[in-house]
Amino acid sequence: MGLDQQVIAALPELGHGLLMTLVLTVLASMVSVVMGQLGCFLQLRRAWIWRFIGRLYVSMMRGTPAIVQLFVVFFTLPRLGLGGQPMLAAVVAIGLNSGAYVAEILRVNRSLVTRGQLEAARTLGLSRALTWWYVINPQVMRASLPMLVNEFTILLKTTPLASVVALTELTYAGQIVIARTYDATQVLLLVAAGYLLIALPLISAARRLEAKRRLA
(Lines give C-alpha, C1' and ligand atoms only; values in the text may rest on other atoms or scores of the structure.)
Protein backbone atom coordinates (compact mmCIF):
# COMPACT_ATOMS: atom_id res chain seq x y z
CA MET A 1 0.00 0.00 0.00
CA GLY A 2 1.54 3.30 -1.09
CA LEU A 3 1.24 6.71 0.46
CA ASP A 4 -1.84 8.81 -0.32
CA GLN A 5 -1.13 11.64 -2.79
CA GLN A 6 -2.23 14.25 -0.25
CA VAL A 7 0.15 12.79 2.33
CA ILE A 8 3.00 12.81 -0.20
CA ALA A 9 2.25 16.47 -0.92
CA ALA A 10 2.48 17.18 2.81
CA LEU A 11 5.96 15.63 3.22
CA PRO A 12 7.79 19.03 3.08
CA GLU A 13 5.51 20.25 5.87
CA LEU A 14 6.36 17.20 7.97
CA GLY A 15 10.04 17.69 7.10
CA HIS A 16 9.90 21.24 8.46
CA GLY A 17 8.26 19.91 11.63
CA LEU A 18 11.05 17.34 11.95
CA LEU A 19 13.65 20.11 11.59
CA MET A 20 11.94 22.17 14.29
CA THR A 21 11.92 19.12 16.60
CA LEU A 22 15.63 18.51 15.95
CA VAL A 23 16.54 22.17 16.63
CA LEU A 24 14.41 22.20 19.79
CA THR A 25 16.00 18.95 21.02
CA VAL A 26 19.56 20.17 20.44
CA LEU A 27 19.05 23.62 21.99
CA ALA A 28 17.06 22.29 24.98
CA SER A 29 19.75 19.64 25.57
CA MET A 30 22.38 22.40 25.72
CA VAL A 31 20.30 24.32 28.29
CA SER A 32 19.78 21.05 30.16
CA VAL A 33 23.53 20.37 30.44
CA VAL A 34 24.29 23.91 31.63
CA MET A 35 21.48 23.90 34.21
CA GLY A 36 22.36 20.35 35.27
CA GLN A 37 25.96 21.40 35.93
CA LEU A 38 24.82 24.46 37.85
CA GLY A 39 22.19 22.54 39.83
CA CYS A 40 24.68 19.84 40.81
CA PHE A 41 27.39 22.39 41.71
CA LEU A 42 25.01 24.34 43.95
CA GLN A 43 23.77 21.21 45.74
CA LEU A 44 27.34 20.23 46.62
CA ARG A 45 28.29 23.60 48.11
CA ARG A 46 28.87 23.81 51.88
CA ALA A 47 26.94 27.06 52.36
CA TRP A 48 23.33 26.15 53.12
CA ILE A 49 21.90 28.97 50.97
CA TRP A 50 23.49 27.60 47.78
CA ARG A 51 22.43 24.04 48.65
CA PHE A 52 18.90 25.32 49.31
CA ILE A 53 18.76 27.12 45.94
CA GLY A 54 20.07 24.03 44.11
CA ARG A 55 17.61 21.69 45.84
CA LEU A 56 14.72 24.13 45.33
CA TYR A 57 15.43 24.24 41.58
CA VAL A 58 15.59 20.45 41.29
CA SER A 59 12.46 19.94 43.42
CA MET A 60 10.43 22.54 41.51
CA MET A 61 11.34 21.13 38.11
CA ARG A 62 10.78 17.50 39.13
CA GLY A 63 7.67 18.19 41.21
CA THR A 64 5.60 20.19 38.72
CA PRO A 65 4.27 19.18 35.28
CA ALA A 66 6.46 20.17 32.34
CA ILE A 67 3.45 21.66 30.56
CA VAL A 68 2.83 24.04 33.49
CA GLN A 69 6.50 25.07 33.41
CA LEU A 70 6.17 25.73 29.67
CA PHE A 71 3.12 27.96 30.19
CA VAL A 72 4.91 29.86 32.99
CA VAL A 73 7.91 30.56 30.75
CA PHE A 74 5.77 31.38 27.71
CA PHE A 75 3.64 33.94 29.58
CA THR A 76 6.65 35.38 31.45
CA LEU A 77 8.79 36.10 28.40
CA PRO A 78 6.58 39.01 27.19
CA ARG A 79 7.26 40.75 30.54
CA LEU A 80 10.96 40.62 29.57
CA GLY A 81 10.31 41.99 26.11
CA LEU A 82 10.64 38.54 24.51
CA GLY A 83 7.01 37.78 23.71
CA GLY A 84 5.81 35.87 20.66
CA GLN A 85 8.76 33.46 20.57
CA PRO A 86 7.41 29.93 21.06
CA MET A 87 10.76 28.29 20.17
CA LEU A 88 12.58 30.29 22.86
CA ALA A 89 9.88 29.46 25.44
CA ALA A 90 10.03 25.75 24.58
CA VAL A 91 13.85 25.62 24.65
CA VAL A 92 14.00 27.34 28.05
CA ALA A 93 11.15 25.37 29.67
CA ILE A 94 12.13 21.92 28.38
CA GLY A 95 15.82 22.63 29.04
CA LEU A 96 15.13 23.76 32.62
CA ASN A 97 12.96 20.69 33.25
CA SER A 98 15.55 18.27 31.90
CA GLY A 99 18.37 20.12 33.69
CA ALA A 100 16.96 19.06 37.06
CA TYR A 101 17.26 15.38 36.10
CA VAL A 102 20.76 15.97 34.70
CA ALA A 103 21.73 17.61 38.02
CA GLU A 104 20.64 14.47 39.89
CA ILE A 105 22.53 12.18 37.49
CA LEU A 106 25.71 14.23 37.99
CA ARG A 107 25.23 14.43 41.76
CA VAL A 108 24.93 10.63 42.05
CA ASN A 109 28.15 10.11 40.07
CA ARG A 110 29.98 12.76 42.10
CA SER A 111 30.81 10.00 44.60
CA LEU A 112 33.33 8.61 42.06
CA VAL A 113 35.72 11.45 42.92
CA THR A 114 37.81 10.43 45.90
CA ARG A 115 38.65 12.59 48.91
CA GLY A 116 42.35 12.26 48.00
CA GLN A 117 41.76 13.95 44.64
CA LEU A 118 39.94 16.83 46.31
CA GLU A 119 42.71 17.26 48.90
CA ALA A 120 45.30 17.24 46.11
CA ALA A 121 43.36 19.97 44.29
CA ARG A 122 43.23 22.06 47.47
CA THR A 123 46.97 21.53 47.98
CA LEU A 124 47.55 22.91 44.48
CA GLY A 125 45.57 26.01 45.44
CA LEU A 126 42.57 25.40 43.20
CA SER A 127 39.38 27.19 44.17
CA ARG A 128 36.11 25.23 44.54
CA ALA A 129 34.98 26.37 41.09
CA LEU A 130 38.28 25.35 39.45
CA THR A 131 38.29 22.04 41.35
CA TRP A 132 34.80 21.38 39.99
CA TRP A 133 35.78 22.30 36.44
CA TYR A 134 39.17 20.56 36.18
CA VAL A 135 38.93 17.64 38.63
CA ILE A 136 35.32 16.70 39.37
CA ASN A 137 33.47 17.60 36.19
CA PRO A 138 35.53 15.56 33.65
CA GLN A 139 35.22 12.36 35.69
CA VAL A 140 31.54 12.84 36.53
CA MET A 141 30.60 13.68 32.93
CA ARG A 142 32.44 10.63 31.57
CA ALA A 143 30.70 8.31 34.04
CA SER A 144 27.32 9.95 33.40
CA LEU A 145 27.39 9.90 29.57
CA PRO A 146 25.16 6.80 29.06
CA MET A 147 22.55 8.14 31.50
CA LEU A 148 22.74 11.60 29.95
CA VAL A 149 22.09 10.18 26.49
CA ASN A 150 19.05 8.36 27.88
CA GLU A 151 17.88 11.63 29.45
CA PHE A 152 18.15 13.39 26.09
CA THR A 153 16.01 10.70 24.40
CA ILE A 154 13.38 11.41 27.08
CA LEU A 155 13.79 15.13 26.36
CA LEU A 156 13.13 14.42 22.67
CA LYS A 157 9.83 12.75 23.59
CA THR A 158 8.74 15.81 25.59
CA THR A 159 9.15 18.16 22.61
CA PRO A 160 5.51 17.65 21.42
CA LEU A 161 4.54 19.75 24.46
CA ALA A 162 5.79 22.74 22.49
CA SER A 163 2.68 22.48 20.29
CA VAL A 164 0.61 24.04 23.12
CA VAL A 165 2.45 27.34 22.55
CA ALA A 166 1.92 27.05 18.77
CA LEU A 167 5.41 25.83 17.85
CA THR A 168 4.97 23.70 14.72
CA GLU A 169 7.20 20.82 15.71
CA LEU A 170 6.77 17.33 14.25
CA THR A 171 3.66 16.19 16.15
CA TYR A 172 1.84 19.49 15.62
CA ALA A 173 2.76 19.44 11.92
CA GLY A 174 1.30 15.91 11.78
CA GLN A 175 -1.94 17.08 13.40
CA ILE A 176 -2.27 19.87 10.83
CA VAL A 177 -1.72 17.42 7.97
CA ILE A 178 -4.25 14.95 9.46
CA ALA A 179 -6.86 17.71 9.68
CA ARG A 180 -6.37 18.33 5.96
CA THR A 181 -5.99 14.77 4.62
CA TYR A 182 -8.12 12.76 7.14
CA ASP A 183 -5.48 10.01 6.93
CA ALA A 184 -4.31 9.66 10.53
CA THR A 185 -2.62 6.25 10.16
CA GLN A 186 -0.19 7.15 7.38
CA VAL A 187 0.63 10.58 8.84
CA LEU A 188 1.21 9.28 12.36
CA LEU A 189 3.44 6.48 11.07
CA LEU A 190 5.51 9.12 9.28
CA VAL A 191 5.61 11.21 12.48
CA ALA A 192 6.77 8.16 14.47
CA ALA A 193 9.44 7.45 11.85
CA GLY A 194 10.66 11.05 12.21
CA TYR A 195 11.15 10.66 15.96
CA LEU A 196 12.97 7.36 15.41
CA LEU A 197 15.26 9.10 12.92
CA ILE A 198 16.45 11.37 15.74
CA ALA A 199 16.25 8.87 18.61
CA LEU A 200 17.98 5.83 17.07
CA PRO A 201 21.44 7.46 16.83
CA LEU A 202 21.06 8.57 20.46
CA ILE A 203 20.01 5.07 21.59
CA SER A 204 22.87 3.52 19.61
CA ALA A 205 25.34 5.98 21.18
CA ALA A 206 24.03 5.14 24.67
CA ARG A 207 24.54 1.40 24.06
CA ARG A 208 28.09 1.92 22.77
CA LEU A 209 28.97 4.13 25.74
CA GLU A 210 27.49 1.58 28.14
CA ALA A 211 29.51 -1.21 26.51
CA LYS A 212 32.71 0.85 26.75
CA ARG A 213 31.98 1.60 30.39
CA ARG A 214 31.64 -2.12 31.20
CA LEU A 215 34.95 -2.89 29.49
CA ALA A 216 36.78 -0.03 31.28
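Is Asn137 buried or exposed?

The model is predicted, so local features need pLDDT of at least 70 and side-chain atom pairs count only at pLDDT 80 or more, while totals for chains, interfaces and linings use all residues. Residues are numbered from 1 along each chain as its sequence is written, and side-chain values use heavy atoms, with hydrogens and water left out.

**Stop 1: Asn137**

Select Asn137, which is found in helix H7 (residues 128-158). Helices here are DSSP runs (H or I, at least four residues), numbered from the N terminus. Asn137 is buried, with a relative accessible area of 8%; buried means under 20%, exposed over 50% and partly exposed in between, with a 1.4 Å probe and protein chains only. Leaving aside neighbours within four places in sequence, Asn137 is in contact (heavy atoms within 4.5 Å) with Gln37 and Trp132.

**Stop 2: H6 against H7**

Axes are lines fitted to C-alpha atoms, for helices over the stretch in contact, and angles run from 0 to 180 degrees between N-to-C directions. To see where they meet, select Gln117, Leu118 and Ala121 in H6 with Thr131, Val135, Ile136 and Gln139 in H7.

**Stop 3: H4 against H5**

Next, display H4 and H5, which pack at an angle of about 135° with their axes 9 Å apart. On H4, the contact is made by Ala66, Gln69, Leu70, Val73 and Phe74. On H5, Pro86, Ala89, Ala90, Val92, Ala93 and Asn97 take part.

**Stop 4: the nonpolar cores**

A nonpolar core is a set of buried Ala, Val, Leu, Ile, Met, Phe, Trp, Tyr and Cys residues joined through side-chain atoms within 4.5 Å. The largest has 16 residues, and Leu24, Leu70, Met87, Ala90 and Leu167 have the most contacts inside it. Helices H2 (11-43), H4 (66-76) and H5 (86-109) each supply at least two residues of this core, and H5 gives the most, with six. Centre the view on Ala90: not counting residues up to four places away in sequence, Ala90 touches Leu24, Leu70, Gly95, Ala162 and Leu167. Apart from this core lies another, of 13 residues, including Ala10, Val177, Val191 and Ile198.
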